[in-house]
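Hi,

Here is the structure I promised to pass on.

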Amino acid sequence: MAIIIKNNIFVLETKNTHYVIGTEKGAGIQNIHWGNKCRIEDYEIPEGYYFLYQQRMRDCFREEYSCFGGISYKESAVKANFADGCRELELGFEGYETEGNTLKLVLKDAHYPLEITLNYEIFDGLDIIKKSVTVTNNGSDEIVFEKLMSGEFNLPGNKPYRIKNALGNWGAEYGPVDTELTGGSLVFESRRGISGHNNTPGFVAYRSADEKTGEVFFANLAWSGSFAVEVSRDIRGITRAVLGMNSFDFEYALKGGESFTTPEIIFGRSEGFGEMSRQLNRYGIEHHLPKYFNNAPLPVLYNSWEATAFDVSTAAQSEIAKKAAEAGCELFVMDDGWFGQRKDDHAGLGDWYVNPEKFPNGLDELIENVNALGMDFGLWFEPEMVNPDSDLFREHPDWAYHYDTRTAHELRWQLVLNMTKPEVQEYIFGCLDELLTKHNIKYVKWDMNRSFSETGAENLEHPKMLWYLHTKAVYDIVDRLREKHPEIQFESCSSGGGRSDWGATKHFDMVWTSDNTDAIDRITIQKNYALTRPVKTMRAWVTDKNWYNREVPLEFKFNIAMRGALSLGGNLNKYSAEDMEICKKYVELYKKVRNTVQFGDLYRLLDYDRDEISADLYLNGEKTEGVLFIAAVNTRCVKEAETLYFDGLEKDRIYEFDLDGRHFEKSGAYLMSEGIPVDAKQQYYNRIIEIKAK
């Protein structure tokens with residue numbers, strides 16, 4: 001891994017690839033190469049410009065960061081308004097800086113005191129690069145940005161690419177979208193104030209690839225607010241992608257002497273989708289997740305929502321906690337209903353004090369009961385929201401986003417707090433800090449259950465800045481709480497997976513993947529989540545909720561939920577003795593294999609949506625231990641026994657395991673090239689197999 005510089009050509013060398021950019025003094029920066037390593041001396045800045053009618057030279061460039069202005073009609077990455085009314089940029093290369101594994105390329109405007117720095121960082125042992133953009137106002141007049149994206153990509157060659165993203169919804173997050181872009185543009189975005197349940201803030205591009213083979217290019221934006229991913233292919237066959245904060249209703253005002261750095265992008269190139277997922281998982285654990293818990297296995301938690309809903313009390317929670325401890329859970333989380341006058345979701349949000357009627361002896365009585373059972377205690381919050389029926393709103397109605405001449409629209413009987421106000425931020429921080437200081441709380445579930453509307457922020461000189469400032473405030477509050485209470489884990493939740501992006505996982509230890517806990521649906525939801533996100537961050541629950549009134553065996557539910565960070569959420573008070581034994585059995589097994597699941601490499605061997613069987617293999621870094629999950633709902637009678645080809649094993653090692661009454665001792669080479677038969681015709685076929693190297 002190195003940063004190699006030759007005649008204003010900059011080579012970012014990762015484990016297996018080169019990302020090469022170059023420029024000439026006073027010109028823009030071009031992308032020269034993104035792919036396998038080549039001889040350094042072979043790289044050169046493309047010479048000569050060609051012109052088509054009404055298509056001038058900048059539209060022919062593979063620019064690394066396109067600005068609005070001049071004779072160019074492609075989608076730009078940055079657009080700014082200067083104090084004298086000029087709305088164009090003219091950027092030229094000024095110089096560079098390197099330090100360790102980082103590179104900074106500096107661009108300056110030809111007339112105005114605006115400096116734009118492209119920041120890059122590479123990582124040892126990985127094919128991952130991180131980049132962002134820093135804008136600096138070296139003058140005294142304000143510069144207002146209408147668009148300020150985090151990065152631009154030019155995909156190699158001129159043939160069309162297939163673009164992967166998502167088309168999801170609440171309860172159906174990460175639905176796959178796979179589109180061949182032969183011309184025109186694709187836009188994946190959120191305008192909701194959160195990254196949302198619909199599209200994903202990133203892209204995967206390929207031509208002919210599968211789990212194991214083919215060039216795959218990918219980029220993920222680390223941002224939890226409104227975003228845009230704009231992918232286009234022009235008449236010359238150049239496929240470009242621009243990622244960043246959504247320019248819809250957006251602006252950012254940069255005062256004289258100020259600098260601003262955009263959210264970062266994590267990107268790279270791999271051979272096959274499987275290696276992409278493994279690279280991103282390793283990067284997330286080693287370089288991205290909050291450091292206090294990045295190397296610690298996440299606990300098996302129990303959440304009380306399905307068992308008690310809003311009807312919480314010391315007695316009821318203590319009763320279900322005994323069952324959770326019996327099942328082997330390590331963390332007990334009390335969900336909604338413990339605060340203010342919270343009897344249902346119509347009232348109480350914003351009043352973050354313990355309800356004295358439900359907890360007459362305070363919260364510590366319950367926490368002590370939970371701790372005595374050998375479990376830590378966690379609590380649910382929804383800090384960004386307020387119910388109109390709350391003490392907070394009655395005292396501070398101006399603390400919600402609003403316009404004086406408009407009626408605020410409620411969703412779920414709640415409004416969004418104006419997080420751009422310092423007094424609102426201090427109130428939220430103060431409420432949570434007081435509870436975390438006074439009580440032995442080890443886990444915070446931070447929920448966010450509605451999108452923005454009535455986005456009036458009378459406190460801001462530039463009200464459109466709220467789209468950035470709100471998300472930044474969430475990050476800041478969580479970071480302040482983490483600094484003061486480093487022993488507490490934080491979970492990002494937003495009506496399920498509405499805030500499950502790389503920005504969230506930079507500040508939160510994990511995400512709530514989806515409100516849909518149906519085991520069959522979760523096969524697809526979890527597969528698509530783990531495609532571009534760390535497996536460790538994926539909370540996966542075993543609950544009683546069976547969508548579509550189908551009965552799914554408890555053992556099958558564990559098979560699916562154990563492929564991430566296992567959690568329980570069913571009403572254990574109604575479980576039979578047999579059900580409790582099942583829970584204990586699988587929780588105990590998960591604790592044996594969870595380091596491999598949470599920190600190991602994932603190999604997707606069979607795809608449920610394609611093969612009718614789901615088979616995921618997790619291997620530890622040394623490839624000496626693994627766990628194989630196989631599940632099928634109800635394969636058809638014409639389905640022959642499937643040959644299961646392993647992946648990721650050491651060819652010369654001997655691996656042993658048991659499957660369907662047979663003991664196997666085979667070499668890695670045999671298991672990967674010849675495979676073994678899996679006859680999964682029975683309904684809800686369910687196998688979890690521990691694999692050991694001899």
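This is a predicted model: local features need pLDDT of at least 70, side-chain atom pairs count only at pLDDT 80 or more; totals for chains, interfaces and linings use all residues.

For the wording, buried means under 20% relative accessible area, exposed means over 50%, and partly exposed is in between (1.4 Å probe, protein chains only).

Before the rest, two notes on how to read this. Residues are numbered from 1 along each chain as its sequence is written, and side-chain values use heavy atoms, with hydrogens and water left out.

The overall picture

The chain has 694 residues, and 62% of them are buried. Its radius of gyration is 26 Å, which agrees with the value near 26 Å for a compact globule with that number of residues; the radius is taken over C-alpha atoms, and the globule rule is 2.2 Å times the number of residues to the power 0.38. Along the principal axes, the C-alpha atoms fill a box of roughly 75 × 70 × 45 Å. The accessible surface is about 26700 Å², and carbon and sulfur atoms contribute 47% of it (Shrake-Rupley method with a 1.4 Å probe; for residues, only the protein chains shown count as cover).

The secondary structure comes to 14 helices and 38 strands. These are DSSP runs numbered from the N terminus, with helices (H or I) of at least four residues and strands (E) of at least two. Of the contacts with a separation of 6 or more, 69% are between residues 24 or more positions apart, where contact means heavy atoms within 4.5 Å.

Salt bridges

Searching the whole structure turns up 49 salt bridges, each being a side-chain nitrogen of Lys or Arg within 4 Å of a carboxyl oxygen of Asp or Glu.

Back to Lys484, then: its salt-bridge partner is Asp433, at 2.9 Å from N to O. This pair links helix H7, which holds Asp433, to helix H8, which holds Lys484, and the two residues are 51 apart in the chain.

Glu458 is in the loop between strand S26 (443–446) and helix H8 (466–484), and Lys421 is in the loop between S25 and H7, so the pair ties together parts that are 37 residues apart in sequence. Lys421 also forms a salt bridge with Asp398, with the closest N and O atoms 3.5 Å apart. Asp398 sits in the loop between helix H6 (391–395) and strand S25 (415–416), 23 residues from Lys421. Lys421 is buried at 3% relative accessibility, whereas Asp398 is partly exposed at 34%.

Elsewhere, Glu121, Lys130, Glu264 and Lys506 are linked in a network of salt bridges.

Strands and sheets

S3 (residues 17–23) and S4 are antiparallel and joined by seven bridges, with Ile21 opposite Asn31 in S4. I call two strands paired if DSSP finds at least two bridges between them.

Then there is S14 (residues 202–206), where five of five residues are buried. Gly202, Val204 and Tyr206 are on one side and Phe203 and Ala205 on the other, and both faces are covered. In a regular strand the side chains alternate between the two faces of the sheet. S14 runs antiparallel to S11 (residues 161–166), with three bridges, and antiparallel to S15 (residues 215–221), with five. Val204 stands opposite Lys164 and also opposite Phe218 in S15.

Finally, Leu602 in strand S31 (residues 601–606) is buried at 8% relative accessibility. Beyond its neighbours within four places in sequence, its contacts are Arg278, Ala530, Val535, Asp616, Leu617 and Tyr618.

Cheers
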